[in-house]
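Dear colleague,

I am passing on the structure below, together with some notes on its contacts and its metal site. Please read the notes with the model open beside them.

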Amino acid sequence: MYLKSLPMIAATAAAVSSPATAHDDRLIEFPQTLDGGFILAADLHTHSVFSDGAVWPSIRVEEAQRDGLELLAVTEHLEAQPKEADIPNPDRNRSYEVAVESLVRSGGQGLMVINGAEVSRRQPYGHINAVFLDDANALLTSDVEDALKAANDQNGFVFVNHPNWIPHQPDGVARLSDELIELIESGLIHGIEVVNGTLDGHSEEALELAFQYDLTVLGTSDIHGLVDWTHNAGSGGHRPMSLILADERTPEAMKQALFDGHTVAWSYDDLMGGAENVEKVVRACLTLEAKPYPENTTVLPVDIVNNCPVNFTLRNTSEETFQNVSDVVRVERDGRFTLQVRTGAEPVSTLDLKFEVMNTQVGSRRSLELAFSADVPE
Ligand SMILES: [Zn+2]
Ligand SMILES: [Zn+2]
């Protein structure tokens, strides 16, 4: 009976293991930036049953492959081990090793899995992640500074987690304690989460703190259950993540870009980060394409083309207005929207339009305003 049903199970597994065909709208793929760089999807904060997560590490790997991530960090709580009675976990690298074993079994498929850990304390330290670790056990020490020094000795990338977490900040406003500021100023911490998926936490204050202390802007899932359930992955949703702007599609280039602060946090349709980084992503995503003028009119059809898996909401700030819609335009992910632009009394040969990109955040309550240009064909 069991033997008979096995081939069926195997066939099903093979069918769903090919994400491009099984979930066309799921695989995250961004075009290259205009300067030839790469926009690479990374989740640097995840849990499994080796700490307080609900799944085996192999599920993390499969999810990441289906989502089309380039980089996945396994970051169990070092101290909190609620499943100790079932999974004693004396070796804090074990979760990562299990993930790598499952990655190898699956043939790799371009995903890179890295070792990490979550140093989990009450205030004034809160929770701090370290990734690109060689040995997570070295961080298992009572002193937070010693743990972060151990991470830095391994050339790890270290960041503050969920600084607006309500149990630590009851008003929901991100703050850094004097103790954390000291660790940042001594160079032991390099980044900060502005978005955390498990807490549904979004923080413009954390974004301002990133600018103030020169920290890399990060979005993470902090996933404990399944991304399909929590973030509607595969049905138009996606986990919050970091988009790394790297010169090359390599682990070294991704790590360098993290240390250099070349990232954008992506959550729902929000793109958050420094203006320069966010502009790079938006310009990779959106272009204007003018069509020829129809006869006897100066109303010009112009497509806004969206090459990214992000829905854009734009507010027209140009002098020109539109014949078919108001100033607020939504351009669906991987879609296009045709504007009918009133170009004035005479036809133009080049059209310039300015938009506030409302789904970007480049500071507290600030979004990007960009000019786009298109040549009008004869
Ligand atoms: Zn945490
Ligand atoms: Zn966590």
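Which residue bridges the zinc ion (ligand 2) and the zinc ion (ligand 1)? That residue is Glu118, and the two ions that Glu118 bridges lie 3.5 Å apart.

Before going further, please note that this is a predicted model, in which local features need pLDDT of at least 70 and side-chain atom pairs count only at pLDDT 80 or more, while totals for chains, interfaces and linings use all residues. Residues are numbered from 1 along each chain as its sequence is written, chains are lettered from A and ligands numbered from 1 in the order in which they are written, and side-chain values use heavy atoms, with hydrogens and water left out.

The metal site

The zinc ion (ligand 2) is coordinated by His45 through NE2, His47 through NE2, Glu118 through OE and Asp222 through OD, at 2.1 to 2.3 Å; donors here are N, O and S atoms within 2.8 Å of the metal (3.2 Å for Na, K and Ca), and sites may look incomplete because water is not among the atoms. The spacing of these donor residues in sequence is H-x1-H-x70-E-x103-D. The four donor atoms subtend angles of 79 to 163° around the zinc ion (ligand 2), so the arrangement is irregular. (Four donors count as tetrahedral if all angles lie between 85 and 135 degrees; four count as square planar and six as octahedral if opposite donors are over 155 degrees apart and all others between 65 and 115; anything else is irregular.) Because His47 lies in the loop between β1 and α3 and Asp222 in the loop between β8 (216-220) and α8, the pair ties together parts that are 175 residues apart in sequence. (Helices are DSSP runs of H or I with at least four residues, strands are runs of E with at least two, and both are numbered from the N terminus.) His47 is buried at 0% relative accessibility, and Asp222 is buried at 4%, where buried means under 20% relative accessible area, exposed over 50%, and partly exposed in between (1.4 Å probe, protein chains only).

Salt bridges

With a salt bridge taken as a side-chain nitrogen of Lys or Arg within 4 Å of a carboxyl oxygen of Asp or Glu, the count comes to 19. A network of salt bridges links Arg26, Asp43, Asp67, Asp228 and Arg239. Arg26 is buried, with a relative accessible area of 4%, and Asp67 is buried at 2%, whereas Asp228 is partly exposed at 30%.

The disulfide

The structure holds one disulfide, a pair of cysteine sulfur atoms within 2.5 Å, which joins Cys285 to Cys308 with an S to S distance of 2.0 Å. Cys285 lies in helix α10 (residues 275-285) and Cys308 in the loop between β13 (299-306) and β14 (312-316), 23 residues apart. The link of Cys285 and Cys308 is left-handed, with -90° about the S-S bond, and both cysteines are buried.
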